[in-house]
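Colleague: I am new to this structure. Please take me through the sheet, strand by strand where you can.

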Amino acid sequence: MLRQGLYVVRGLYRDGLKLIRLAGQQSFNRAHLPASYCHQPIGVRALTMSSWPFSSKPRDYSLPNESWSPEMQKLYDHYNALCEVEEEGEKKRGAWWRLPSYNRTLKYATGGRCLSKLLQAKARLFTRNIEEPGAGFEYVVFLNKPEKSCVCVFQAGHLLEGPPGHVHGGAIATMIDSVTGTLATYLSGPVMTANLNMNYRSPIPLGSVVLVHCALEKVEGRKTFISCRVTSSDRAKLHTDATGLFLTINVGHLFGA
Ligand SMILES: CCCCCCCCCCCCCCCC(=O)SCCNC(=O)CCNC(=O)[C@H](O)C(C)(C)COP(=O)(O)OP(=O)(O)OC[C@H]1O[C@@H](n2cnc3c(N)ncnc32)[C@H](O)[C@@H]1OP(=O)(O)O
């Protein structure tokens, strides 16, 4: 069982990174996957899964929905336009990639040896488990590969309230962990957060749109250091700055190996 679990998680990360690399596609779907990805078994076959890692057509939460404010949409359009550049009349991939985002990673999510199949089936990504559009975390992450950095456009919904009318510090920390963790994962493979340091500089009004900028500071062996700044959408106001340390893990770590 443990060996099966390891097999599954390895497949998850390998295929997750493949998905990230396919992320820039505007209308990402199975048809865009390489044939080898669609037809060859991956590790998760061990648990009788199809090679497509989702149970049904997944919703890509990084795409615009009706709850997005004009400001959020404008920032999305801005970064999305940078994902494709025109050179000599030809459209080419730009430096930026939009990362798709799903609320579950696999039909049977992985989560350690103690998780029952029922719990695994119910597992959902923390930041994507509020179904009502606009009520929780609305965000999209754009990765800049050459610069080893990323920007997240984040609109904070009313269910994230902490101090009256403002975003809860834990919700801000969640976004920082998620975005720095995403960048670290992209750069270093499977990682876990070992340390996050945060300075809350100014409160974030509920419903507002902020930018979460993350950049690679350095990699030392298994350690990936990421810095992060949460600013107003015009970058004029600093809301939070943070640093994160991520340690590359052997995926067996998640199974207590
Ligand atoms: C479709 C699929 C898509 C997949 C792709 C998609 C993208 C994906 C997005 C993910 C977005 C979510 C991102 C959430 C990310 C989490 O929230 S992870 C959950 C929270 N974190 C945890 O639960 C981690 C709990 N801690 C641990 O498991 C272990 O302590 C760790 C972090 C793995 C480290 O343990 P270890 O590997 O045994 O390392 P250890 O030997 O103790 O230390 C190694 C070195 O690191 C140093 N170190 C360790 N801990 C610390 C620390 N806290 N501070 C400073 N130094 C430290 C040690 O001093 C040592 O240094 P050296 O002596 O080598 O110089």
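Modeller: Strands (E, at least two residues) and helices (H or I, at least four residues) are DSSP runs, numbered from the N terminus, and two strands pair if DSSP finds at least two bridges between them. This is a predicted model, in which local features need pLDDT of at least 70, side-chain atom pairs count only at pLDDT 80 or more, and totals for chains, interfaces and linings use all residues. Residue numbers start from 1 along each chain as its sequence is written.

The sheet is open and has seven strands, ordered β3-β4-β5-β7-β8-β9-β6, with antiparallel pairing. Because β3 (96–99) and β6 (191–200) stand at the edges with a single partner strand each, one side of each is left without a neighbour in the sheet. Neighbouring strands are turned by 20° against each other on average, direction ignored; the axes are lines fitted to C-alpha atoms, for helices over the stretch in contact, and angles run from 0 to 180 degrees between N-to-C directions.

Eight bridges link β4 and β5 in the antiparallel sense, and Leu143 has Cys150 of β5 as its bridge partner. Four residues separate these two strands in a hairpin, where Lys148 in the turn has a positive phi of about 50°. β5 is also joined to β7 by seven antiparallel bridges, with Gln155 opposite Val209 in β7.
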